[in-house]
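Reader: I have a chain here that I would like to go through with you. Could you put it on the screen, please?
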Amino acid sequence: MFDPIWSIVIASALGMIGGLIPYKLLVSHLAESSSEEEFFARRERGFHRFLIRYFIAEAIPYLFLGYGAYMLVTEGSASTGVTDATPFLVAVIFIMLFGALSAYFTASPILRDPRASARMNNYAKVLISLGFALINAVSVASLGLLILVLTGQV
């Protein structure tokens, strides 16, 4: 059988990559605009495309996460053969850090654009927060599961 702890780490990595690609496409779609009016006109259509792409890309990571969680809950972490979950926990934290930095550096050109108004900068900050949350959604669940394994609660 496939080790559930490995499936949790794989889900975290795939979730970060699967969330980052649609996010980068959204930001590049918005950054192509030449004026503030065009920026906000492109925002709604770009966000709808982002959501569709995001949910399609996140299907596989959630399957890995569901498998890992199910196996840990039903069989417990003693059946995994892994004696210490700390390296896996560190790996997930690094995946989350990479996702957070990627979200920031992807949208930061909009913040640094001298043509950007205060309204555009505020939207870019919201976009960074949204990107951070959605890119790291699977990783946060993985982190919680690995902390439960580390403390011996599953």
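Reader: Which residues is glycine 131 in contact with, leaving aside its neighbours within four places in sequence?
Author: Glycine 131 is in contact with Tyr23 and Ala103, once the neighbours within four places in sequence are set aside. Please bear in mind that this is a predicted model.

Reader: Where is glycine 131 placed?
Author: Glycine 131 lies in helix 5.

Reader: Buried or exposed, that glycine 131?
Author: Glycine 131 has a relative accessible area of 2%. Buried means under 20%, so glycine 131 counts as buried.

Reader: And how far is glycine 131 from serine 34?
Author: Their C-alpha atoms are separated by 23 Å, and the two residues are 97 residues apart along the chain.

Reader: Let us turn to helix 2. Which of its residues are buried?
Author: The buried residues of helix 2 are Phe39, Phe40, Arg42, Gly46, Phe50 and Tyr54. The elements covering them include helix 1 (4-31), helix 4 (86-112), helix 5 (118-135) and helix 6 (137-151).

Reader: Where does helix 2 bend?
Author: The bend is at arginine 43 and amounts to about 35°.

Reader: What about the span of helix 2?
Author: Helix 2 covers residues 36-57, which is 22 residues.

Reader: Now the surface. Which residues form the nonpolar patch?
Author: Val90, Phe94, Leu97, Leu101, Tyr104 and Phe105 form it, and together they have about 600 Å² of accessible area.

Reader: Take phenylalanine 105. Where is its place?
Author: Phenylalanine 105 sits in helix 4. Its relative accessibility is 53%; the cut-off for exposed is over 50%, so phenylalanine 105 counts as exposed.

Reader: What box do the C-alpha atoms fill?
Author: Taken along the principal axes, the box is roughly 60 × 25 × 15 Å.

Reader: Last one: what share of the contacts comes from residues 24 or more positions apart?
Author: Such residues account for 85% of the contacts with a separation of 6 or more in the protein chain.

Notes: Residues numbered from 1 in each chain as written. Predicted model: local features only at pLDDT ≥ 70, side-chain atom pairs only at ≥ 80, totals over all residues. Heavy atoms only, no water. Helix = DSSP H or I, 4+ residues; strand = E, 2+ residues; numbered from the N terminus. Expected span 1.5 Å × (residues − 1). Bend = angle between axes of the 7 residues up to and from the residue. Buried < 20%, exposed > 50% of the residue type's maximum accessible area, 1.4 Å probe, protein only. Contact = heavy atoms within 4.5 Å. Patch = residues over 30% accessible without salt bridge, like charges linked within 9 Å, V, L, I, M, F, W, Y side chains within 5 Å. Areas by Shrake-Rupley, 256 points an atom, 1.4 Å probe, with all protein chains shown as cover. Salt bridge = Lys/Arg side-chain N within 4 Å of Asp/Glu carboxyl O.
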